[in-house]
Amino acid sequence: MTSENKEILDRINVYAEKALADIDPQKTRISFQLEALKPVMQEIADEKGVSVEDIFILYMDLASEASVEAENQLQATLDENEGADFSKIANRLN
């Protein structure tokens, strides 16, 4: 992820924390959540000279990429700390 893309993702996420603070994302339709993020996405789109749809697509791609990276880091941490696969970790929890 480029530094520019990281900045865009961080900016939208900071805005989302405020705009979506009082909702349960599991119980709130995605369309409502995206509508709440539209002002910051429109602002970024205007600054970059692209459509808000382009920023939306970029955001979804960046959020997916960040999610995969976070999962990979978690797996690496578990592997380092446990030296175990999922079944060994599950057995430890019993």
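In what order do the elements of the protein run from the N terminus on? They go α-α-α-α, with four helices and zero strands in the protein (helices are DSSP runs of H or I with at least four residues, strands are E runs of at least two, and both are numbered from the N terminus). This is a predicted model, where local features need pLDDT of at least 70, side-chain atom pairs count only at pLDDT 80 or more, and totals for chains, interfaces and linings use all residues. Residues are numbered from 1 along each chain as its sequence is written, and side-chain values use heavy atoms, with hydrogens and water left out.

**Overall picture**
- Of the 94 residues in the protein, 21% are buried (under 20% relative accessible area, with exposed over 50% and partly exposed in between; 1.4 Å probe, protein chains only).
- Take the contacts (heavy atoms within 4.5 Å) between residues at least 6 apart in sequence: 51% of them join residues at least 24 apart.
- The protein exposes about 7000 Å², and carbon and sulfur atoms supply 52% of that (Shrake-Rupley method, 1.4 Å probe; for residues, only the protein chains shown count as cover).

**Helix H2**
- H2 covers residues 30–48 and bends by about 45° at Lys-38, with Pro-39 following within four residues (the bend is the angle between axes fitted to the seven residues ending there and the seven starting there).
- Buried residues in H2 are Gln-33, Ala-36, Leu-37, Val-40, Met-41, Ile-44 and Ala-45.
- After H2 comes Gly-49, with a positive phi near 75°.

**Leu-62 in H3**
- Leu-62 sits in helix H3, residues 52–82.
- Why does Leu-62 count as buried? Because its relative accessibility is 3%.
- Setting aside neighbours within four places in sequence, Leu-62 touches Met-1, Asn-5 and Leu-9.
- Met-1 is 61 residues from Leu-62 along the chain, yet their C-alpha atoms are separated by 7.7 Å.

**Largest pocket**
- The largest pocket holds about 170 Å³ of space (on a 1 Å grid over the protein atoms alone, a pocket is an open set of points where a 1.4 Å probe fits, with protein on both sides within 12 Å along at least five of seven lines; lining residues have an atom within 4 Å of a point). The volume is the space filled by probe spheres set on the points, which are joined across faces, edges and corners.
- Its lining includes Leu-20, Gln-33, Leu-37, Tyr-59 and Ser-64.
- H2 and H3 each supply at least two residues of that lining.
- By class, the lining has eight nonpolar, two polar and no charged residues (Ala, Val, Leu, Ile, Met, Phe, Trp, Tyr, Cys and Pro count as nonpolar, Asp, Glu, Lys and Arg as charged, and the others, Gly among them, as polar).
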